[in-house]
Amino acid sequence: MLLEKLSAHLEEVKEYEREPVPASRWRGFKSFLGMYAGEHTAGTEFVIGPLFVAHGAGAMDLILGLLLGNFLAVLSWAFICAPIAVRERVTLYYLLEKICGKHLTNAYNLVNALMFCFLAGSMIAVSATAIGIPFNIPMAKLTDWLPSGLPWIIIVVLVGAVTTFVATLGYDKVEKFSTIAAPWMILVFLAAAIAVLPELGVKNWGDFFQVAQDKIWTGKPLAGQSKFTFWHILFFAWFCNMAMHIGMADLSILRYAKKWTAGFASAGGMYVGHYIAWLASGILYALFLQQSNENLEFAPGPVAYSAAGITGALCVIIAGWTTANPTIYRAGLALQAIMPKAKTWKITLIVGSITTLAACFPALVMQLLDFVALYGLILMPMGAIIFIDYWLFPRIGLQSNLAAVKNLTFNVAALITWLGSLIACYLIAKTTGLEIFFLGLPGWFLAVLIYIISSYMYQKKWSK
Amino acid sequence: MKILLKLVSMAGLMLTIIPSIGVFYEVISQEENKYFMLIGTLLWFGPKIIFKEK
C-alpha cells in the first residue's frame, strides 16, 4: 500500500526527461549555490581529508593545491558544462542518446550504475565505522583490502539493508533530510577541527601554519602510502568530480539554471566541502595519529567521535547515509533506463545488495582517492564527445546529434572514442608511470582528437 | 510559532559551532563542548523533524 502510494507520487513528478525544461521551472544562482554546498559536503569528505594526511601532503601544497584545483573545477562547471546545459536544457542521458544512440547510452548507464554502487558502498562502510563504536569492533587498517572480521560484515550488512530499504521507498524524503543536515554537517566539521587545535599545539591563530607543517600535513606519508605532491592535490581537486563537470553529468542539474553563470555556483561546494571540510577532517585525523602513535587503523567514525563526541559520530552516520542513499537511488535509475519495464524498487534492491557486498571490503574506502579519479576518468570521454559534437562539429561540416538524425542505435565513432581514449590513458600510465590523478587532462584531448578523426571516417558513408 | 522554531533552530546551529571557539580560547573544556554540540544538534533537527518545517 505504502509502496503503491509512493510509486503513484513518483509517477506524478515531472522531471522533463525527454524535453527541454520550460522557463517556468528555471532557477536562480542562489538555489544552485546551496545545492552544490550541500551535495559536496558529504560522507566522502570524512575519508578524503584524512587520506591527504596519510599520503604525506605538505601544508602549503595542500592549501594552495586545493585552492587552485577547486578553482579549475569551478571554471570547468562554468565554461564547459553550464553553457551547453542552458542552451539544450535536456538531461545528459537524452543528449547522449541523440549523439551516441540508445545502445551506447545504455552501456554508459551500466558503467555509471556500477560506479555509483561502489561509491555508495564506500559511504555505507563510512557510516558503519560510526555505528560500530558501541560494539568496539576492530576497524580496518589503511593497508587492508579484506573485511576485518564477522562483526564488521554484520554491521555493514545491517547498514546496507536499512539504506537500501529507504532507497526503495524513494528519494524525496532523504533529499529533504540532506538539505536540513547540510549546514549542520559543515559546522560540525568546522567545530570539531577548531576544538582539537589546542591538543595539536595551536594556542593562538598565529601558531596554526607552523603546527600544520609540523604535526598535520607533515609532508611524510604513512607506511605503505604513496607521496602526494602539490600537483597530485591540484589535479585531484580538479578531477575528483570530473564525471560531473567535464564529463557533463551535471547537464541534468544545470539545465534548470536561468543563466550559464550558475556554473560558478559550484564554488559553494568546492570551497565549503572540498576545502573547509577536507582541511577539517585532515586535522581530526592528524590528532588521531598523534594520540594513537601513528596507528594505521582508518575509521572516520571513531575519529569524529573522539573529537566531537556523539555529535561527531552522528555526523559520520548522517553524512554517509545521505550520500549512499541518493547514490543507490541514482544507480537504480541508471539501470532502469536499460530495463524500463522492471519495477524501480526491485532494481534498487539489486543495486543495494551489490553496494552492500562491495561495502564489506575496506579497500573501497582505503583506495577512495584512486577510485574517485578512476570514476571521473572512465566517464570523461562522453563529456568530450558532447563538447565537440555541440561546439565544433557544426563549424567543420560534421553532423551533430548523429544518432538522432540518422536514426542510429549505435554511433561507432563515439564507441571508438570512449574505448580508444581509455586504452590510450592506460598505455600512457603503463609506459610513463603517470598516476591516475593526472590522466584526465591528456585523456580529454585524446578523446577530442579520436572523436574528430573517427567521425570524419564514420560519417563519410552518408556524405557520399 | 514559526519564528520561534526558526530561532530555536538557529540557536542550535550557534551551539554547534560557538563553544568550539570557547575550547580554543580555553574558556570551556572539550567535554563541555561535546555536550553543547549535542544540545545544538537536537535543537537544530528537533523542530525541523517534529514540525516537518521546510
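The model is predicted: local features need pLDDT of at least 70, side-chain atom pairs count only at pLDDT 80 or more, and totals for chains, interfaces and linings use all residues. Residues are numbered from 1 along each chain as its sequence is written, while chains are lettered from A and ligands numbered from 1 in the order in which they are written.

Chain A contains 19 helices and 0 strands. Helices (H or I, at least four residues) and strands (E, at least two) are DSSP runs, numbered from the N terminus. The radius of gyration of chain A is 22 Å, close to the 23 Å given by the globule rule for 464 residues, so chain A is as compact as a globular protein of that length. This radius is taken over C-alpha atoms, and the rule is 2.2 Å times the number of residues to the power 0.38. The C-alpha trace of chain A spans about 75 × 55 × 40 Å along its principal axes. Of the 464 residues in chain A, 55% are buried. A residue is buried if 20 or more other C-beta atoms lie within 10 Å of its own, exposed if 12 or fewer, and partly exposed in between, with C-beta atoms placed from the backbone. Among contacts in chain A between residues at least 6 apart in sequence, 87% join residues at least 24 apart. Two residues are in contact if their C-beta atoms, placed from the backbone, lie within 7 Å.

The largest nonpolar core has 183 residues. Such a core is a set of buried Ala, Val, Leu, Ile, Met, Phe, Trp, Tyr and Cys residues joined through C-beta atoms within 7 Å. A:Met185, A:Ala192, A:Leu284 and A:Ala304 touch the most other members of this core. Helix 13 (residues 300-338) of chain A gives the most to the core, with 20 residues. Beyond its neighbours within four places in sequence, A:Met185 contacts A:Thr41, A:Cys315, A:Ile318 and A:Ala319.

A:Ala57 sits in the loop between helix 3 (45-54) and helix 4 (59-88) of chain A. A:Ala57 counts as buried because it has 29 C-beta neighbours inside 10 Å. Not counting residues up to four places away in sequence, A:Ala57 touches A:Phe52, A:Leu62, A:Trp217, A:Phe228 and A:Ile233.

Helix 3 of chain A also packs against helix 12 (residues 267-291) of chain A; their axes come within 7 Å and cross at roughly 60°. Axes are lines fitted to C-alpha atoms, for helices over the stretch in contact, and angles run from 0 to 180 degrees between N-to-C directions. Residues of helix 3 in this contact include A:Phe46, A:Gly49 and A:Phe52, and those of helix 12 include A:Ala277, A:Gly282 and A:Tyr285. By class, the contact has 11 nonpolar, 4 polar and 1 charged residues. Ala, Val, Leu, Ile, Met, Phe, Trp, Tyr, Cys and Pro count as nonpolar, Asp, Glu, Lys and Arg as charged, and the others, Gly among them, as polar.

Chain B has 2 helices and 0 strands. Its C-alpha atoms fill a box of roughly 35 × 15 × 15 Å along the principal axes. Of the 54 residues of chain B, 31% count as buried. In the interface, 17 residues of chain B are in contact with 16 residues of chain A. Helix 2 of chain B gives the most to the side of chain B that touches chain A, with 9 residues. That side has 9 nonpolar, 5 polar and 3 charged residues.
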